[in-house]
Amino acid sequence: MKYLRYTVILIPALFLWAGLNMHLAKFANDPQYVYLLNSAAMCDGKNVGYIDHPGTTVMQIGSGTIFVKHSFSNPEKLNVAEHVLTSPHKFIVSIRNVLLFLNVIGLFFLGWMAVKKTGSVWIALLLQAFTFISANTLDHVWTKVSPEPLLFFITCIYVIAILCFYTDKEKNSWKWVIVFALITGSGLATKATFLPLVVFPLFIISEVKKKIVYLASLIPAFVLFTIPIIPEYKHMYYWFRDLISHSGIYGHGEKGVIDASTYFPNILKIMLNNTVFAVVFIAGASVVTYLLVQYYKNKKPVKQEVKILAGLVASSAAGILMVAKHYHSNHYLIPVLLLTGVSLYFMLKIVLVKVRIRHLQKFLWPSLFLVLVLFLAWKLPPKMKYINEGYRLTNEEMDATQSMIESDFPDYTKIYYYPVSLNKFSALNFGDVYTQRRLLDTIKKLYPDVYFYNSIEKSIQNWNAQTNPDDLIYKHGNKIMLVGGPRGEAEAAEITEKGFPLKNIYKGRLQAIYLLDTVKYNNLSEQKKSNTSTLAVCDAEEVTADGQYFLGPNGEKFANAGARSQELARSGSYSVKLDESVEFALEYLLAGLE
């Protein structure tokens, strides 16, 4: 019988097997490449530029993984930034695997400590199995480089801490103030969705002084885990201020904490989409409410089990109320969803004692485990297969279209639809935007002639610099293609109307490819020239005698000749150099306008 405890390795083994067999959507930019490039920036000795989650703990794990992989697998002797930027997907897979193995360890120790603290293998297995109650949660934990996998691990540690606290004879010790402050601080540094768990220790810490110290300790604990973004604290403050004070998603929308038209329906959606969690939460809240009323009536002290259950219910309620503001996916609920198992354990522990049927525990826990496993075996596999198949088809289409481009259009200049297309360059561009362009110099060095159609700004760009279509054609010729989008005909027509006519050659499940219609473009270009009454040209080669103005071929004057430089030139010998003291490259006075 003593060997039965080793069965707690079965669910972590299943977790590992399933995670490793899930496909990852290649070049999915949000938030994977945000974390990849910020981790690479840290390895390259630069500051972190992303503060939204805040997510610094993920970046620290990411930078450690990059350092190890770069140190032991770098045959081309690239520097760390170049290595990541040339093989980004390999580093994404490595970081995902590290997070996956970390969660396997967390699940195993959750089961092992549950056996030690409860004396029951079945309770331990039940607590482990409850981590599988959401397919969306498992999708994020198994396939993403994001805060969610680390939140899964931290919440497992949190549940272990609750069990250890419950069985500790010195519950009033200061060590528990420190333990819960550190775990909570690491959770908050990972993602703000951990905030509801701040509530729990306030129910179990008995002295007011210790409650105050716990709350105060969250500040240094948070700082400890967010050291890389200390210079960005000001921006982080404004981000979270707007997130709280605006009713729309990501700090947008009207002023106001909530939008009542979506907030209350979202609460209902959360409960309907998470039936197991909802049943345990409602039952736990009912038990706690009844017992607290009884304790108050009889003027008796509240038992420790009831305090713990009350804290768990309060944290879950806070999670529901917080996430309902912007609910559109279950991964925002990971911290409170993972409290479901331990909430059920304490609720049943209280109820069994109250109704004097403690002897049923021998059969209750294995029965509950069996029911939960059968329920999950019925619900989960179809959902996970569907998710996995979606990723497989995405990668298959991406590889097929890339092969078609390489074989049929090898000499074409590519413009990548940005930011919602799946390809290496859009992903790198997206990630670098959220490093505040920390790696832009290295990116441009590696990929100087990569272009994007920014679907938000409606412009063609060479990384961060806007590019005129005429200049692009002048430099690369008429063989130009748009890769990745747009998917809709209306937007394609809009791009054509703006002087960049497109001819669709492929439209699949996620990808669309267009060629520049050179006949139409040349016709539009000639028409544009014929409609121009005056053509002003400046090549920065000639200046006036006093050096203040550039001279055009027809004697036109362009101001700001003092910024002329020979450092770099696309054509001729000169260009205009911009720095923080120069607001405009050229100044031209348009006179006599009507």
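This is a predicted model: local features need pLDDT of at least 70, side-chain atom pairs count only at pLDDT 80 or more; totals for chains, interfaces and linings use all residues.
Trainee: What is the volume of the largest pocket?

Mentor: The general idea is that rolling a probe the size of a water molecule over the atoms shows where empty space is left. Here the largest pocket has a volume of about 2000 Å³. Its lining counts 44 residues, and the closest to the pocket centre are Gln466, Asn468, Asp471, Arg570 and Ser571.

Trainee: How many cavities of 30 Å³ or more does a search of the whole structure find?

Mentor: The search finds 4. The largest cavity has a volume of about 80 Å³. Helix H8 (147-167) and helix H17 (340-354) are the elements that give two or more residues to the lining of this cavity. Among the residues that line the largest cavity are Leu110, Phe130, Cys156, Val159, Thr340 and Val342.

Trainee: Now a helix. Which residues of H1 are buried?

Mentor: As a general idea, an α-helix has 3.6 residues a turn, so residues three or four places apart point the same way. In helix H1 (residues 10-20), the buried residues are Ile11, Pro12, Phe15, Ala18 and Gly19. They cover an arc of only 130 degrees around the axis, which puts them on the same side of H1. Leu10 and Trp17 are exposed and sit on the face turned away from that buried side.

Trainee: Which residues make the nonpolar surface patch?

Mentor: Ile178, Leu182, Leu224, Ile227 and Ile230 make a patch of about 430 Å². One of them, Ile178, belongs to helix H9 (residues 174-190).

Trainee: Let us turn to the backbone. Where is the peptide bond cis, with omega near 0 degrees?

Mentor: Most residues other than glycine have a negative phi, and most peptide bonds are trans. The bond from Asp30 to Pro31 is cis, and Pro31 is in the loop between H1 and helix H2 (32-43). Gly485 and Pro486 are also joined by a cis bond, with omega about 5 degrees. Pro486 is in the loop between strand S5 (480-483) and helix H22 (489-497).

Trainee: And phi: is Ala540 buried or exposed?

Mentor: Ala540 is not a glycine, yet has a positive phi of about 65 degrees. Ala540 is buried, at 8% relative accessible area, in the loop between H23 and strand S8 (549-551). Arg437, also not a glycine, has a positive phi of about 60 degrees. Arg437 counts as partly exposed, at 24% relative accessibility.

Key
Residues are numbered from 1 along each chain as its sequence is written. Side-chain values use heavy atoms; hydrogens and water are left out. Buried means under 20% relative accessible area, exposed over 50%, partly exposed in between (1.4 Å probe, protein chains only). Helices (H or I, at least four residues) and strands (E, at least two) are DSSP runs, numbered from the N terminus. The arc is that of the directions from the helix axis to the C-beta atoms. Patches are made of residues with over 30% relative accessible area and no salt bridge: like charges are joined within 9 Å, nonpolar side chains (Val, Leu, Ile, Met, Phe, Trp, Tyr) within 5 Å. Accessible areas come from the Shrake-Rupley method with a 1.4 Å probe; for residues, only the protein chains shown count as cover. A salt bridge is a side-chain nitrogen of Lys or Arg within 4 Å of a carboxyl oxygen of Asp or Glu. On a 1 Å grid over the protein atoms alone, a cavity is a set of points where a 1.4 Å probe fits but cannot get out, and a pocket is an open set with protein on both sides within 12 Å along at least five of seven lines; lining residues have an atom within 4 Å of a point. Grid points are joined across faces, edges and corners, and a volume is the space filled by probe spheres set on the points.
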